[in-house]
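Here is a short report on how the parts of one chain meet. It starts with ring pairs and then turns to charged pairs and domains.

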Amino acid sequence: MNVLIYGSGQLAQMMYLAAVPLGIQVKAVDVANHSVVDPISKQVLNITLSEAIEQADTLSVEFEHVPEDLLAQAQASGKLMPGMEAILTGADRVREKQVLQSLNIANSAHAIITDIAQLDDSVAKLGEHLIIKASRDGYDGYGQWRLSGKAQLADLKQQLAELDLQAVPLIAEQLVPFDRELSLIGVRSQQGDIRYYPLADNLHHQGQLHVSVAPAPHITDELQAQAKSAFKKLAEHFDYVGVLAVEFFQVGNTLLVNEIAPRVHNSGHWSMQGADTSQFENHIRAISDLPLGNTQANTISAMINIIGCDDYSLDLLGLDHCHLHLYGKSVRAKRKMGHINLTADSYADLAEVMTTLAKFLPMEHFPKLLSEADKLAQINS
Ligand code: AMP
């Protein structure tokens, strides 16, 4: 079987690695120049995009910001999974909010801004603590601005005045005083079966994910049910096939959807060591019409992103239950270079391994690691 993935970064690489034992070949598309590449070496293969689409049994994406003409070509082949509507929704916050509203899924109060003058109305309606997001092409905190009080409004309007809001509207969102951020990764088969991974607890710093812990501690049946219900509504709405990630803010006993990602997701990387079947294998299984694998967690996991550095010590590999996954990239500020998966039998044990791991890492690049370890150390289970 042959799979063609749009996008040639680390997610395509990890899907490739998961597909090999299943006897499935994965090629990737470099969407910047439409070339077909090897997902590991990134070497350009001697095949055109049209030929690769023809040869593939299934097409999928590793990120949602695939140019629309390429997506339309993929959709026209009848082999794209998930389909174009789900992918476009993940790439556009206006569409995303509209889908969430139409499915009655709780999300943060917001307004769509197509003219900068509307920002005054948004402040009147939503309050003076806002997060403003570009509706398209923003990720990892890029394309976002914060308003922390009316006094900043004039300045912010000036900054935003240069943008073409007719072409790319903004979403003004009420700043949610959340207790924590959670995500639910699940997978839906071509027959409509759904399997859910346990909720992950995600720690962000400057808009980027730094640490995920799964299963998230202190999950009540009520939270679990809300997360699954939101996932199911979305997956069924799109007749979704493959892995879908839904990110939430937890406020008390309520979950609000922050955003959805129509693909394998950074907050599911823990599943490579921590679950019976990884999210990457399950995505490949789903789109290849194979039975889905068990999504149960075998252990408690932490996933620690390596961001913007490569000066860690490889002696960390000497730690038990510690696994390194590098993406083969050169260092750049804020660039995800790889991740480390840790597993343990209890949160307290996990905290201990995290603290030991810190000795091998340049701590200025891991600002969340030790505070999270301290928090986990307090949990009795
Ligand atoms: P996003 O790109 O929408 O995932 O936003 C990146 C990060 O910014 C999130 O993971 C949150 O930590 C924070 N954030 C985004 N939207 C809000 C909001 N409405 N209220 C509070 N924090 C937010």
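## Aromatic pairs

Rings of Phe, Tyr and Trp (its six-membered ring) pair if their centres lie within 6.5 Å; planes under 30 degrees apart count as stacked, over 60 as edge-to-face and the rest as tilted. The structure, a predicted model, holds three aromatic pairs. One of them joins Y196 and F231 edge-to-face, at 5.3 Å centre to centre and 75° between the planes. Y196 sits in strand 10 (residues 194–196) and F231 in helix 8 (residues 221–237), so this pair ties together parts 35 residues apart in sequence. Helices (H or I, at least four residues) and strands (E, at least two) are DSSP runs, numbered from the N terminus.

## Basis of the numbers

Residues are numbered from 1 along each chain as its sequence is written.

## Salt bridges

Side chains of opposite charge can pair when their charged atoms come close. A salt bridge here is a side-chain nitrogen of Lys or Arg within 4 Å of a carboxyl oxygen of Asp or Glu. The structure has 11 of these salt bridges. Among them is K133 with E173, at 3.3 Å from N to O. K133 belongs to strand 6 (residues 130–134) and E173 to strand 8 (residues 170–174), so to speak of distant parts of the chain, 40 residues apart.

## Domains 1 and 3

The domain assignment (automatic or from a database) gives domain 1 (2–80), domain 2 (109–174) and domain 3 (180–377). The C-alpha centres of domain 1 and domain 3 lie 24 Å apart. Their contact (heavy atoms within 4.5 Å) takes 17 residues from domain 1 and 18 residues from domain 3.

About 1500 Å² is buried between domain 1 and domain 3, with 70% from carbon and sulfur atoms. Buried area is the accessible area (1.4 Å probe) that two parts lose on being put together, summed over both. Q10, M14 and E64 supply 33% of the area that domain 1 buries against domain 3, more than any other three residues.

## Across the interface

One salt bridge is counted between domain 1 and domain 3. R263 and E64 meet through their side chains in a salt bridge of 2.5 Å, N to O. Helix 1 (10–19) and strand 4 (58–61) each supply at least two residues of the side of domain 1 that touches domain 3. Helix 1 gives the largest share of that side, seven residues.

Notes: This is a predicted model: local features need pLDDT of at least 70, side-chain atom pairs count only at pLDDT 80 or more; totals for chains, interfaces and linings use all residues. Side-chain values use heavy atoms; hydrogens and water are left out.
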